[in-house]
Amino acid sequence: MIAFLATAFGTFLLYLLLTTASGPLFLWSKEELIIGAIFALIVAAIVRKIFPAENLRLLNPKRWFLLLAYIIWPFFPAMAKANIDVAYRVITGRINPGIVKISPKLKTDAGLTMLANSITLTPGTLSVDVDEETNDLYVHWINVKEEALEKMPRDYKYICGEFPDWARRVME
Amino acid sequence: MILDIITYICIGIGCLLNLLAAIGLHRFPDVYTRLHAGTKCTTFGSILLIAAVVIQSVSVWVAEGLSSPQSVLTLHAVIALVVILLTNPTSAHAIGRAAHRSGIKPARAVVDDLEKEKP
Amino acid sequence: MWLPVAIFLAVCATIILIRLFLGPTPPDRLVGLDTLNTVVVVSMVILGAAFEELIYVDVAIVYALLSFVSTLFIAKYIEKGKF
């Protein structure tokens, strides 16, 4: 029931964002509000079986603030650095690529999704495949360092820094 | 005035990154390295170019009041940016996985754990 | 101010299109298509700001979502050889 209401509320909020400045009732017209509420309820009823109830911990507002902090501090500078890195490699053509396996030891799909997206947008790495049983990630690394190749699930400190800890803090 | 300078800086770097992505698609030797160029550079270039649009629209919006069309332009540009940020890494992941499962080896690779464990 | 940016993005899109035609393997072409989609979305937002047409930005949102779905389906086709 809580999952149903949360989905309906989120859908309604998105509809309101897409139809601002359409009428006199503080930014929206009455027709838009009514049809938005009806569509939000219909969509929530359709996807009720897809969104299971165990994802309710993401409704905690503390996690949203943590996610915002994560995007502003460790993520955005890493993204800028990634672009300088790619620009350097495009201009000089100096690459040393390879596919390495890391095991971040995350338990949930949401955390793994966030980690994989972060890895793709940060310097020199791109997530290629995932082992769905053990939650290991296979990462394409554009500049392989020799000292990271000693252990078999490679040490993720060289590849993605502190991101697995952040993913665990925000999503689990 | 300062806002105009920030806008021009954002536009300059954003255009440069998009051009680098286009050149990188030709300079790199195989699919995976091309994905690096095509994903990272266009995502950050989109952030900067849409930030330029948002800065200009917000300055008009503040001057004209809440119900001007520029407010709608700002909100929708931000929604388009969020959509790009969510979908771009996901499709890069899908392309890389499809390429490896259809049997394309990474060129000049020093190590390939995925090939060793799941041939 | 916005129109030269849109023209510059069109030049970038042309360079990417050459990769789309040349690409030796299907995933190469798909990378070109994915990059081209992002550039097209950004140039739609820029054109919306240039002509002050709100509908261009709405079309950009829908285009971004639909191109994402099409990329996923083509990737699935490359992976399995069938849908």
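**Note on chain B and its two partners**

1. The contact (heavy atoms within 4.5 Å) takes 43 residues from chain B and 40 residues from chain C. This is a predicted model, in which local features need pLDDT of at least 70 and side-chain atom pairs count only at pLDDT 80 or more, while totals for chains, interfaces and linings use all residues. Residues are numbered from 1 along each chain as its sequence is written, chains are lettered from A and ligands numbered from 1 in the order in which they are written, and side-chain values use heavy atoms, with hydrogens and water left out.

2. Chains B and C bury about 3,600 Å² between them. Buried area is the accessible area (1.4 Å probe) that two parts lose on being put together, summed over both. Carbon and sulfur atoms carry 79% of the area for chains B and C. L25(B), H26(B) and I95(B) supply 15% of what chain B buries against chain C, more than any other three residues.

3. How many salt bridges are there between chain B and chain C? The count is three. The term means a side-chain nitrogen of Lys or Arg within 4 Å of a carboxyl oxygen of Asp or Glu. One salt bridge pairs R97(B) with E79(C), with the closest N and O atoms 3.7 Å apart.

4. Seven residue pairs are in polar contact across the interface of chain B and chain C, both residues at pLDDT 80 or more. A polar contact is a pair of N or O atoms within 3.5 Å; within protein, one must be able to donate a hydrogen and the other to accept it, and residues adjacent in sequence count only if both atoms are side-chain atoms. On chain B, the elements giving two or more residues to the side that touches chain C are helix 1 (2-27), helix 2 (31-64) and helix 3 (69-101). Helices (H or I, at least four residues) and strands (E, at least two) are DSSP runs, numbered from the N terminus. Helix 3 of chain B gives the largest share of that side, 20 residues. The residues on that side divide into 25 nonpolar, 14 polar and four charged. Here Ala, Val, Leu, Ile, Met, Phe, Trp, Tyr, Cys and Pro count as nonpolar, Asp, Glu, Lys and Arg as charged, and the others, Gly among them, as polar.

5. Now the other partner. Two salt bridges are counted between chain B and chain A. R97(B) also forms a salt bridge with D129(A), at 3.5 Å from N to O.

6. Nine residue pairs are in polar contact across the interface of chain B and chain A, both residues at pLDDT 80 or more.

7. Chain A has six helices and three strands. From the N terminus on, the order is α-α-α-β-α-β-β-α-α. Within chain A, R89(A) forms a salt bridge with D85(A), the closest N and O atoms being 3.5 Å apart. R89(A) and D85(A) are separated by about one helical turn, because they are four residues apart in helix 3 (residues 61-92) of chain A.
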